[in-house]
Amino acid sequence: MNELTRKRIRISDIVLKALILLSAVITTAVVAAIIIYIVKRGLEGMSLNFITTAAFSYPYENYGILGNIINTLYIIIITLLVAVPIGVGAAIYLTEYAKRSRLTTIIEFATETLAGIPSIIYGLFGSVFFYNLFRLQYSILSGSLTLSLMILPTIIRTTEEAIKTVPISYREGAMGIGATKWYMIRTVILPCCIDGILTSVILSIGRIVGESAALLFTAGIAAELPNFKSFTDIFTKAGGAGGTLTVQLYQYAQRGGGEMKYAFSTALVLLIVVMVINVFAKLAARKFRKV
Amino acid sequence: MEDTVKLTGTVSVKKSEAALIKKTSRAVRKNATETVMKIVLFICGITGVASVILITLYMILSGAPAIAKIGIINFLFGDTWYAKKGEFGILPMILTSITGTTGAIIIGVPMGLLTAVFLAETAPKSLRNAVKPAIELLAGIPSVIYGLLGAVLVKPVFYYLEELIYKDDPTHKFTGGANLASAMVVLSIMILPTIINISETAIKAVPEEFREASYGLGATHIQTIFKVVIPAAKSGIASGVVLGVGRAIGEAMAIMLVAGNSANMPALFNSVKFLTTGVVAEFSYSSGLHRQALFGIGLVLFVFIIIINIILNVILKSGRKGTAQ
Amino acid sequence: MSENNNNNTVKIHTKDVNLWYGENHALKDITLDIFSNKITAFIGPSGCGKSTYLKTLNRMNDIIPNVKITGDIQLDGQDIYDSRVDVNALRKKIGMVFQKPNPFPMSIYDNIAYGPRIHGIRSKARLDEIVENSLKGAAIFDEVKDRLHKSALGLSGGQQQRICIARAIAVEPEVILMDEPTSALDPISTLKIEELMSILKEKYTVAIVTHNMQQATRISDYTAFFLVGEMIEYGDTEQIFSHPVDKRTNDYITGRFG
């Protein structure tokens, strides 16, 4: 036994190691508790009826979220239709057309800022802006336009990343045989970036599904089933109010009491949707990175 | 003489020239597309800027009138918020948002940072693969679900504690668990994924050579982590904390059901209104000056967020300078 | 190596050392003794194992996964791979300077004080003393004494490397291992550090990996030639470079392969 073999026992080492493990355990336990609890209580109010019918109170009380599911789908589709072209377009502009200048710095700063604004402010903004501009009251359209601003930064950033991974040699090859810029972008770069754009779309769907505060002020809380009497009704529905799954969850939870279990059932549905989206996003991202 | 080709009704040109003209007109059409797309893409590019400008404009336009009517001092520093009686002082809400966020940071940052250390440095691969997906899931959970679980799991705990602590206190207004303390806990869990992910990235980005030098001097793994790696990662970690602050201050739905709904001064077991919960709670039935005052709160919140964003940018910039070689 | 001459004491004794990175047999039966207060150089072409061998001496290979080491490595007669050995105490005794200067992103003072603090020294007076002595020992005190609390990253490459040397000697090691310490530096800094090494050997035992043969001839007392994981020849530096015994050594020294 000498200097080399006298093992120093550092108390701080042991304490810190314990705290590190404890933190990880607590964090994981919290997640596990969330999932287990939602599943357990969610199953209580769950039934086929719950997912396949919309809520109504006459002639008898029925609890169902089909109306909300449809509203959520509407919002997802419209938001993506607006945000994806603009976002991809902005990303293309930033990477392919604009030179590093004051303007690009401003655009990047603006995108960062947009990403940091909390949803409640988007909600307040949406409730006045789209009313002023389009005379929209509580409506799905209003909610979608608000959300498209929210997800714009995500789409721009991810698409930018994807575009940057396209090797310069592709561009040079195309330009070298006389292709014009937009033509080259459309036929060479964009196809390469489909995976990245897809990833951003899936991530955005996740955000849209989870959003609540912004929609509360813009899309409202209506939960009835759409009444499609003609083809154009499909489109005019967007002009009417529509509460999404998250908003409905909040309604049930707020009312509490016997309706609490429906809040959990809605939460269970949301959780499954979110998990599925997560899986898809990871698959898409893996494909994206393999390029 | 070369064959001629009829270009249009009366114009005939040589065949060779015709080919050139056809090519040029296709080129002109292509150029038109090019120019159009350039403009379209430019418009897309500045949509972000336009949006920020519009949002700022509308927040100011919607919020300023109320503040002007109520008087900025009364608004910001008034300690009573009672819409029915026309009292619109938001000091309790401002202080609540600040203390609530601070509490969330105090609880969430140490736990998040240590969990990040676990993931980045000390976890064996099997545990890491178990914990990482859990964090990702936590990040994706919608805030209303946090709110729901807060109401059902966190509130009762603080209800119990409240009964315990204040059982002999006749002056305490019992909140049934819907108070600042519950809100702090819910907020801290919400910001965990942000703190963990950003800290983990920052820790992993610390160059291996610093760790090697530390081991070479005889330091243990834990010593290396806390005395070299974390200090080296501090600007990244700080940016994560600031982002967490931004999330916490802007959060509404997650704490609606657990914060209580009275505009009291912040105290752990008081029923409180945050800037955010105040707006959400009263928006639907408000009108006139009341509604305008809510927009005023929105403006105050907006200013807070802008300040936090600026701080974030400053930290990121100084971080880049610090590690520049 | 034939015999010990001049009554040198053996500081580090290695016998039949083998090392595998997974399936790759990187070191094959290395046997050599490193003498106290002498500078021993390891030379050889890239990838021959000399850095790997150096790192076995202070167990830096322990950090790499999938590494297997067999054989005998002794410091002052004691097996350093014995399971009872505290590897942190070992590294206090055997210090290391790396190829690319790697001062911590901290002040010069904190860089030097890092080692002593790790090993329990808290008193400011004592730390001040150690910092000053270490910086003097690395021949850089005068250059930095007015900016001790500024970041070490603000120094030039050569200065940073001397800070790293000062940092290494601050924990009062007995052996200093140097892994190509000047290959990333300019000629003037290189010369300064070579001068420093001649002074260092008075207090410490130095082992240095270098791909610069002139450097080996300039500063080392003993030289070992490595090739493809084997130690081909080891002896007095003068003898190795003027009358190498093995043909391969001769080929390398005369530049037939690099």
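Colleague: What makes strand 6 and strand 7 of chain C a pair?

Modeller: Strand 6 and strand 7 of chain C are joined over four bridges, in the parallel sense. Two strands pair if DSSP finds at least two bridges between them, so these two strands pair. One bridge partner in strand 7 of chain C is I176(C), which goes with G95(C). The strands themselves are DSSP runs of E with at least two residues, helices are runs of H or I with at least four residues, and both are numbered from the N terminus. This is a predicted model, in which local features need pLDDT of at least 70 and side-chain atom pairs count only at pLDDT 80 or more, while totals for chains, interfaces and linings use all residues. Residues are numbered from 1 along each chain as its sequence is written, and chains are lettered from A and ligands numbered from 1 in the order in which they are written.

Colleague: Which other strands pair with strand 8 of chain C, and over how many bridges?

Modeller: Strand 7 of chain C pairs with strand 8 in the parallel sense over five bridges, and L177(C) has A207(C) as its bridge partner there. Strand 3 (residues 39-43) of chain C pairs with strand 8 (residues 205-209), also in the parallel sense, over four bridges.

Colleague: What is the order of the strands in the open sheet of chain C, and which are the edge strands?

Modeller: The open sheet has six strands in the order 6-7-8-3-9-10, with mixed pairing. Strand 6 (94-97) and strand 10 (230-236) of chain C are the edge strands, because each pairs on one side only. From one strand to the next the twist averages 15°.

Colleague: Why is strand 7 of chain C called mostly covered?

Modeller: Five of its five residues are buried.

Colleague: What does helix 1 of chain C touch?

Modeller: Helix 1 (residues 50-57) of chain C packs on the sheet and touches strand 3, strand 6, strand 7 (175-179), strand 8 and strand 9 (222-227). Its direction makes about 150° with that of strand 8 of chain C. Axes are lines fitted to C-alpha atoms, for helices over the stretch in contact, and angles run from 0 to 180 degrees between N-to-C directions. Helix 6 (residues 157-169) of chain C lies across strand 6 and strand 7, at about 170° to strand 6.

Colleague: How many residues of chain A and chain B are in contact, and what makes a contact?

Modeller: Two residues are in contact if their C-beta atoms, placed from the backbone, lie within 7 Å. By that rule, 63 residues of chain A are in contact with 64 residues of chain B. Helix 1 (residues 11-45) of chain A gives the most to the chain A side, with 15 residues.

Colleague: Which residues does V186(B) touch?

Modeller: Leaving out residues up to four places away in sequence, V186(B) touches Y146(B), G150(B), V154(B), A254(B), I255(B) and V258(B).

Definitions and conventions:
A residue is buried if 20 or more other C-beta atoms lie within 10 Å of its own, exposed if 12 or fewer, and partly exposed in between; C-beta atoms are placed from the backbone.
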